[in-house]
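Here is a walk through one protein model, taken a piece at a time. Keep the sequence and the structure side by side as you read.

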Amino acid sequence: MKSRRQFLAASGAITAAVSATALGKAAMAAIPEPALQNSPDTMPPLLPATGRPYNPVVTLNGWTLPWRMNQGVKEFHLVAEPVIREMAPGFKAHLWGYNGQSPGPTIEVVEGDRVRIFVTNKLPEHTSVHWHGQRLPNGMDGVSGLTQAAIAPGKTFVYEFQARRPGTFMYHPHADEMTQMAMGMMGFWVTHPKTRHPDISEVDRDFCFLLNAYDIDPGSYTPKIMTMLDFNIWAWNSRVFPGIDPLVVGLKDRVRLRVGNLTMTNHPIHIHGHEFFVTGTDGGPTPKASRWPEVTVDVAVGQMRQMEFIADEEGDWAFHCHKSHHTMNAMGHNVPTMIGVEQKDVAKKISELVPGYMQMGSKGMHEMAEMDMELPVNTVPMMTGEGPFGGLGMGGMFSVIKVRKTLKKGNYKDPGWFSHPAGTVASEVAMPASAPAQAPKQSGDRRMNTPTDIEVQVRKPLKHDH
Ligand SMILES: [Cu+2]
C-alpha cells in the first residue's frame, strides 16, 4: 500500500473523494485527510469536539477547518489549489484558495494550543503560508526565501508552533504575494482565550470575514493580477452583495465582528443603528480604558479590527464599507458624468452604429439599476438587490445586520425582511406641505431690501513690497 505522502504525490488529486479507510491507519497517522468545502453558504459554527472548550466563530460565507487531535497537538491540513468561487449568484470567479474555496477555511484554536499545520501545494507555482500576527519561532513565519524554502508544486510542508496569544489573525502566502493574494489566497485565524480574559468579552455571536478585492472584467473569470489600485470587485470573503449573507443576531445579543483587510486600500466599515467599540486590533485585545464608541472604523491594509456592540435595536440595519464605490460591482470607471444631459437622440444614433450601446444615467445612476440591461455572461449588476421597499442599488461590500426578537441561540438562518411596527417607517406626506411662515415684510427691514440697495465694497488684497 502506498503511503499517504506517496499517494498525494502520485495522484495529485486530493479533491477527489478519497476513502480514508482505504489508506490504512499508518498512512492516516502521517498527514490528516484534508477537509474540503464547495458551498459558498455561511456554515454553522464548528463546535470543538476535542481540546479546551470555546464559543466558536461564524465565518461569513465561509467555514471553519476541522482538526485532528494527535497526542495533544491540533493537526490541520491546508491544501493550496485553484478553486471556483461563486462570488454572487450568476457570477463565478476562477481563483486560487485553500481546500476548495477562497478565502480558505477559518482556523480556530485556543491560547496555549500546540498547532501543527500541513500545507500541500497544488498550485502551478511555489507558495508558503505566513501566519499574520502570530508569535512563533522565526522559522515558522512562512516568508519564502527568508525563513524557509518555498513549497514547490506537489510538495507538503509542515508548520508547528504554540498559539501564544489570544486574538484575531490571518494567514496568506509570502511567496509571489502580488499574484497569490490577487487570486484570493488568504484565510482567517482566531485564537480564543484559555480562561476568562479581562479585555475579551464573552459574546453571543462572533462573526469574522476578510475584506478582499479583485479586478475581473465583466464576462471573464480570472482576476487581472497586475492591477495595483483600480479593482472593480470589492468583496467580503470573496462574495459581493447580494451574494453576502445577512448577519443574523438576537435582540440584546452581544455581537463581535472581526474584520481583516487584505486588499490594497483601506475600508471604513460602517454600522447603522448602533455604536460599537473597537475591542481588539492586530496587536491583541484593546485595554478597556482605551476604548471609545464609533459607528465607523477604518480598517487599513494588512490590519485586523474587532468590533463589539449590543444589538438592542430591532430591524434590518445596513452594514457596509463607507467608500461608495466599494458598495458597487464591476463597472466602467472611465464613464463621463451624464447628469443633466439629455442623451435620447444621440443614444439612438450611436446604437445604430454600436449594437447594445447603453447611455449612462442622465438623472443619476439609480436609473441604471432599474433598467433591464443586458449583461455579459458571468457578471453581476453594478447596483442591485431588491428590498421590501424596492431596489437597493447596492453591490460589493454591503450586507445587513438583522436584529430579531425571539431568535434561538445558534440560529443563523435568514429571517426575511423586518416587519416594521405601524407608524415607524418614513413615508410620503399625504398632504402638500403648507408654506413656511415668513417674517412680515416691513419697510426698513434690510433683509427685504431690493438688490439695488445692497452695497458691496470690494477690498483688494494689500500690496506688499516683497
Ligand atoms: Cu471599502
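Start at Pro242, which sits in the loop between strand 12 and strand 13. The bond that joins Phe241 to Pro242 is a cis peptide bond, with omega about 10°. Bear in mind that this is a predicted model.

The loop between strand 12 and strand 13 also holds Ser238. The phi of Ser238 is positive, near 55°, although the residue is not glycine. Is Ser238 buried or exposed? Ser238 counts as buried because it has 27 C-beta neighbours inside 10 Å. The cut-off for buried is 20 or more.

Pro103 belongs to the loop between strand 4 and strand 5, the latter covering 107-110. Thr406 has a positive phi near 45° and is likewise a residue other than glycine. Thr406 is placed in the segment after strand 24. Thr406 counts as exposed, because it has 8 C-beta neighbours inside 10 Å.

Now step back to the whole chain. The protein has five helices and 24 strands. It has 466 residues, and 37% of them count as buried. Take the contacts between residues at least 6 apart in sequence: 72% of these join residues at least 24 apart.

The largest nonpolar core has 90 residues. Which residues have the most contacts inside this core? They are Met170, Ile233 and Val240. Neighbours within four places in sequence aside, Ile233 contacts Met87, Ala213, Tyr214, Ile216, Val240, Asn329 and Ala330.

Move to the loop between strand 11 (205-214) and strand 12 (233-236), where Asp215 is found. Asp215 is partly exposed, because 19 other C-beta atoms lie within 10 Å. Buried would take 20 or more. Which residues does Asp215 touch, not counting those up to four places away in sequence? They are Pro223, Lys224, Thr227, Asp230, Phe231 and Asn232. Take Thr227 from that list. Asp215 and Thr227 are twelve residues apart along the chain, and their C-alpha atoms are separated by 6.8 Å.

The strands come next. Strands of a sheet pair through backbone hydrogen bonds, and they do so either parallel or antiparallel. At one end of the order, strand 13 runs parallel to strand 24 (residues 398-404), and four bridges join them.

Two hairpins show the antiparallel sense. Strand 3 (residues 73-88) and strand 4 pair this way over eight bridges. Glu86 has Lys92, in strand 4, as its bridge partner. Two residues lie between the strands of this hairpin, and Gly90 takes a positive phi near 90° there. How many of the eight residues of strand 4 (residues 91-98) are buried? Six are, and the strand is mostly covered. The other hairpin is formed by strand 22 and strand 23, again with two residues between them. Strand 22 (residues 384-387) pairs with strand 23 (residues 390-394) over three antiparallel bridges. Gly387 has Gly390, in strand 23, as its bridge partner.

End with strand 5. In a regular strand, side chains alternate between the two faces of the sheet. In strand 5, both faces are covered. Ile107 and Val109 are buried on one side, and Glu108 and Val110 are buried on the other. Strand 5 runs parallel to strand 10 (residues 187-192), with four bridges joining them. Val109 has Thr191, in strand 10, as its bridge partner.

Note on methods. Residues numbered from 1 in each chain as written. Predicted model: local features only at pLDDT ≥ 70, side-chain atom pairs only at ≥ 80, totals over all residues. Core = buried A, V, L, I, M, F, W, Y, C linked by C-beta atoms within 7 Å. Buried ≥ 20, exposed ≤ 12 C-beta atoms within 10 Å, placed from the backbone. Contact = placed C-beta atoms within 7 Å. Pairing = 2+ DSSP bridges.
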